[in-house]
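The following exercises ask the reader to work through a structural model step by step. Please study the sequence and the structure before reading each solution.

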Amino acid sequence: VQLQASGGGLVQPGGSLRLSCATSGPTFGSGTVTWFRQAGGKEREFVAGIRWSGGNTGTSYLESVKGRFTTSRTSTKNTVSLQMNSLNTEDTADHYCAATPRRLITSEIRNAHAYDYWGQGTLVTVSS
């Protein structure tokens, strides 16, 4: 499985960006795809994740992005997006998508070690 993250860029505070994580390889009936971010000098942190098994889908978000960010899967199931609205300077970071064929539980989804596959980073810069 390969992941390709894209969509980063420079945006003013209050603006929006949409990140995409394109997956190639086997399509799994269950799984989890999550966005992490890492700002300069800081530890990598969980941002948002989507998990599914059969017809059931669930999402989880970092508290500070709730109501601003939305993650979703495309109908073809091979791309996971992260719509980011009302961006602020604290959202500036390299953003990475990660995936596993397991549907992770709530206590696992924020743990970077739970993922088997990672994409390269896409830089989001929020600045006036």
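## Aromatic residues

In this predicted model, F36, F46, Y115 and W118 form one aromatic cluster.

**Exercise 1.** Determine how the rings of F36 and F46 are arranged as a pair.

*Solution.* The structure holds four aromatic pairs. In the pair of F36 and F46, the ring centres are 6.2 Å apart and the planes stand at 80°. Planes over 60 degrees apart count as edge-to-face. The pair of F36 and F46 is therefore edge-to-face. As for position in the chain, F36 belongs to strand 4 (residues 30–38) and F46 to strand 5 (residues 45–53), and the two are 10 residues apart. Both F36 and F46 are buried.

**Exercise 2.** Classify the pair of Y115 and W118, and state whether Y115 and W118 are buried or partly exposed.

*Solution.* The centres of the rings of Y115 and W118 lie 6.3 Å apart, and their planes are at 70°, so this pair is edge-to-face. For the second part, a residue under 20% relative accessible area is buried, and one over 50% is exposed. Y115 has a relative accessibility of 7%, so Y115 counts as buried. W118 has a relative accessible area of 30% and is therefore partly exposed.

**Exercise 3.** Identify the residue that lies over the face of W118 and the residue whose charged end sits over the ring of W52.

*Solution.* Over the face of W118 lies R44, at 4.5 Å from the ring centre. At W52, the charged end of R73 sits over the ring, 3.6 Å from its centre.

**Exercise 4.** Describe the open sheet formed by four strands, and explain which strands stand at its edges.

*Solution.* The order of the strands in the sheet is 1-3-8-7, with antiparallel pairing. Strand 1 (2–6) and strand 7 (69–73) each have a single partner strand, so one side of each is left without a neighbour in the sheet, and these two stand at the edges. On average, neighbouring strands of this sheet are turned by 15° against each other, direction ignored. Within the sheet, strand 3 (residues 17–24) and strand 8 (residues 79–84) are joined by six bridges. L19 stands opposite L82 in strand 8.

**Exercise 5.** Characterise the surroundings of S24.

*Solution.* S24 is found in strand 3. Its relative accessible area is 37%, so S24 is partly exposed. Apart from neighbours within four places in sequence, S24 is in contact with V1 and Q2. The C-alpha atoms of S24 and H95 are separated by 19 Å, and these residues are 71 residues apart along the chain.

Methods. Residues numbered from 1 in each chain as written. Predicted model: local features only at pLDDT ≥ 70, side-chain atom pairs only at ≥ 80, totals over all residues. Heavy atoms only, no water. Pairing = 2+ DSSP bridges. Axes fitted to C-alpha atoms, helices over the stretch in contact; angles between N-to-C directions. Buried < 20%, exposed > 50% of the residue type's maximum accessible area, 1.4 Å probe, protein only. Contact = heavy atoms within 4.5 Å. Phe/Tyr/Trp six-rings, centres within 6.5 Å; stacked < 30°, edge-to-face > 60°. Lys NZ or Arg CZ within 6 Å of the ring centre and 35° of its normal.
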